[in-house]
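I opened a new structure today and kept notes as I went. Here is what I was looking at.

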Amino acid sequence: MTFVRYQPGDSLIHRLDVRVKLLALVLLALSTARADFGDLIILGLLIAVGIFFIRPLFTKRFSGILWWLGFLLVVCAARALTTAGTPLLSFRIFTVTREGVFEGLQVAGRLAAIGLLGLLLVASTRSVEIKAGVQWLLRPVPGPAAGRVATMLGLLLRFIPMIFEQAQRTSEAIKARGIQRRRNPLYRIKFFALPLLRRLFEDTDNLILAMQARGYQDRRTDPPLSFKTTDAVVGLGLVLVSVWIWF
């Protein structure tokens with residue numbers, strides 16, 4: 001998952017205004033909660049178009065999302081085994097129902113759509129642009145400071161790849177010491193989780209000290225945001241798709 005970061009490019013998705021991409025992500029994610037199989041097909045086509053524009057991300061780093069596909073399979077299997085209905089397959093105490101398979105595929109499809117939409121946003125937008133877009137969208141909302149919320153979101157996006165990179169280094173370190181061969185899973189988890197958490201807290205402290213030393217504040221000069229005709233056309237189309245799925 002170290003590829004969950006911005007991938008430079010000059011595609012249509014890269015050139016879209018970050019505000020359009022953020023609003024489209026929110027609207028499509030909300031409408032996905034009511035999506036059936038037909039709506040998921042429409043979303044799948046939109047996502048396929050997005051993947052076509054930034055296809056190097058998926059052709060070179062596809063192995064990084066295999067764990068996520070496994071998670072979706074677990075969700076689908078859990079629904080198939082726990083939903084009452086017409087039995088399709090029985091094995092001892094386990095029974096797979098037709099309604100469970102249908103619901104499992106639907107839930108897995110919704111999760112896959114939301115995850116891929118978020119991945120397209122992160123892969124095509126720099127974190128500083130996401131911060132500026134979130135700050136612009138939250139500026140009229142009373143309550144929390146828009147700059148502080150946007151800064152926290154930007155730091156979160158930067159920390160996601162750092163967490164996975166540190167997890168990979170920790171995993172390689174315990175393999176080099178033969179800890180992976182121990183039969184006790186709690187022993188392996190102990191020597192993986194504790195060093196990982198320690199390194200993450202150290203990285204966080206170093207980042208805080210670096211920001212304080214440079215006088216970092218919420219009010220900073222953000223990159224300019226420009227709304228073009230292409231943004232209006234794409235944004236209007238995505239709004240219509242969201243309304244269609246929702247109703």
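My entries below go from the whole chain down to single residues.

**Entry 1: the whole chain**

I noted before anything else that this is a predicted model. Then I looked up the helices and strands: the protein chain has ten helices and two strands. Reading from the N terminus, I get the order α-α-α-α-α-β-β-α-α-α-α-α. For the overall extent, I found that the C-alpha atoms fill a box of roughly 65 × 55 × 40 Å along the principal axes. The chain has 247 residues, and 32% of them count as buried. I also checked the contacts with a separation of 6 or more: 74% of them are between residues 24 or more positions apart.

**Entry 2: the cores**

Which residues touch the most other members of the largest nonpolar core? My list is L28, L43, I47, W68, L72, L116 and I245, out of 21 residues in that core. Next I looked up which elements give two or more residues to this core: helix 2 (18-32), helix 3, helix 5 (66-82), helix 6 and helix 10 (229-246). Helix 6 gives the most, with eight residues.

Leaving out residues up to four places away in sequence, L72 touches A108, L111 and A112. Apart from this core lies another one, of eight residues, and L22, V134, A150 and L157 are among them.

**Entry 3: R79**

R79 lies in helix 5. Its relative accessibility is 32%, so I put R79 down as partly exposed. Beyond its neighbours within four places in sequence, R79 is in contact with G100, E103, G104 and V107. I also compared R79 with H14: they are 65 residues apart along the chain, and their C-alpha atoms are separated by 37 Å.

**Entry 4: helix 8 and what comes after**

I wanted to check the span of helix 8, residues 146-176. With 31 residues at 1.5 Å a residue, helix 8 should span 45 Å, and its end C-alpha atoms are 45 Å apart, so the two values agree. Where does helix 8 bend? The bend is at F159, by about 25°, and a proline, P161, follows within four residues.

Just after helix 8, I found G178 with a positive phi of about 75°. G178 is in the loop between helix 8 and helix 9. Its relative accessible area is 29%, so G178 is partly exposed. G178 and I114 are 64 residues apart along the chain, with their C-alpha atoms separated by 38 Å.

**Entry 5: the aromatic pairs**

How many aromatic pairs does the structure hold? I count two. One of them is F37 with F102: the ring centres are 4.8 Å apart and the planes are at 65°, over the 60 degrees that the label needs, so I call this pair edge-to-face. F37 lies in helix 3 (residues 37-53) and F102 in helix 6 (residues 98-124), so the pair ties together parts that are 65 residues apart in sequence. F37 counts as partly exposed, at 31% relative accessibility. F102 is partly exposed too, with a relative accessible area of 45%.

Y187 and F191 form a tilted pair, 4.6 Å centre to centre with 45° between the planes. Y187 and F191 both lie in helix 9 (residues 185-213), four residues apart, about one turn of the helix. That made me jot down a reminder: an α-helix has 3.6 residues a turn, so residues three or four places apart point the same way. Y187 is partly exposed at 26% relative accessibility, and F191 is partly exposed at 30%.

**Entry 6: charges over rings**

The charged end of R182 sits over the ring of Y187, 4.0 Å from its centre. R34 lies over the face of W246, at 4.8 Å from the ring centre.

**Entry 7: R219**

Is R219 buried or exposed? At 80% relative accessibility, R219 counts as exposed. I found R219 in the loop between helix 9 and helix 10.

Terms used. Residues are numbered from 1 along each chain as its sequence is written. This is a predicted model: local features need pLDDT of at least 70, side-chain atom pairs count only at pLDDT 80 or more; totals for chains, interfaces and linings use all residues. Side-chain values use heavy atoms; hydrogens and water are left out. The expected span of a helix is 1.5 Å times one less than its number of residues. The bend at a residue is the angle between axes fitted to the seven residues ending there and the seven starting there. Rings of Phe, Tyr and Trp (its six-membered ring) pair if their centres lie within 6.5 Å; planes under 30 degrees apart count as stacked, over 60 as edge-to-face and the rest as tilted. Buried means under 20% relative accessible area, exposed over 50%, partly exposed in between (1.4 Å probe, protein chains only). A charge sits over a ring if NZ of Lys or CZ of Arg is within 6 Å of the ring centre and within 35 degrees of the ring normal. A nonpolar core is a set of buried Ala, Val, Leu, Ile, Met, Phe, Trp, Tyr and Cys residues joined through side-chain atoms within 4.5 Å. Contact means heavy atoms within 4.5 Å.
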